[in-house]
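Hello,

Here is the structure I promised to pass on. My notes on its packing follow below.

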Amino acid sequence: IEFLVTGSNEVYWAESHLQALLDNMQPYVGVVGTSLQGETRDGRAVGLGRSYRLPRNTCMLIRLEAFREVGFFDAVCDGWGDMEDLHFLISMLLFTSFEWVMLPLDVPLLVGKHHDQPEKERREEKAMQRIAHYFERLTDGSSELRAHLEQMLLICGLVDR
């Protein structure tokens with residue numbers, strides 16, 4: 001087994017989505033994610049916040065070797081409001097040679113069935129800030145690691161440059 005697919009039961013996968021993830025998994029890539037298109041049960045489109053700008057456990061492909069090198073999805077994120085997928089991506093970028101790819105597939109994601117989406121995104125915003133501060137402290141004193149971190153935080157919209 002070379003890859004692990006993570007997915008939510010609220011994602012409406014199609015075989016073409018999985019094939020696109022696999023097609024974009026190059027030897028230097030540790031994670032391939034996809035954009036998600038939020039929708040309600042009655043089919044109304046729902047905009048998703050910035051926590052969805054990066055690969056999410058909701059729908060991504062992980063190279064097991066990258067998972068072995070990072071080691072885990074850190075459970076500390078549960079107490080911070082989740083976003084263990086962001087923690088994993090930053091750890092992979094900082095501490096391995098793997099990169100990640102984000103595909104614009106707009107895979108349908110049912111929102112509002114199991115949780116209040118705006119509340120979930122507020123919780124995730126707080127978690128993203130907490131994770132950013134954690135890695136800022138961790139990379140203090142290493143200009144190379146800090147540059148990688150700032151690139152990731154810029155993509156997430158957590159810093160302005």
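The largest nonpolar core has 29 residues, and Val31, Leu86, Ile90, Met92 and Ile131 make the most contacts inside it. By nonpolar core I mean buried Ala, Val, Leu, Ile, Met, Phe, Trp, Tyr and Cys residues joined through side-chain atoms within 4.5 Å; buried is under 20% relative accessible area, exposed over 50%, and partly exposed in between (1.4 Å probe, protein chains only). Helix 4 gives this core its largest share, seven residues. A second, separate core has eight residues, among them Leu36, Tyr52, Cys59 and Val111.

Before going further: this is a predicted model, with local features needing pLDDT of at least 70 and side-chain atom pairs pLDDT 80 or more, while totals for chains, interfaces and linings use all residues. Residues are numbered from 1 along each chain as its sequence is written, and side-chain values use heavy atoms, without hydrogens or water.

Leaving aside neighbours within four places in sequence, Met92 is in contact (heavy atoms within 4.5 Å) with Gly30, Val31, Ala66, Val70, Phe98, Glu99 and Trp100.

Tyr52 also has Arg56 over its ring face, 4.6 Å from the ring centre; the criterion is NZ of Lys or CZ of Arg within 6 Å of the ring centre and within 35 degrees of the ring normal.

Finally, ring pairs link Phe67, Phe73 and Phe88 into a cluster. Rings of Phe, Tyr and Trp (its six-membered ring) pair if their centres lie within 6.5 Å; planes under 30 degrees apart are stacked, over 60 edge-to-face, and the rest tilted. Phe67 is partly exposed at 21% relative accessible area, whereas Phe88 is buried at 0%.

Best wishes

Technical notes. Helix = DSSP H or I, 4+ residues; strand = E, 2+ residues; numbered from the N terminus.
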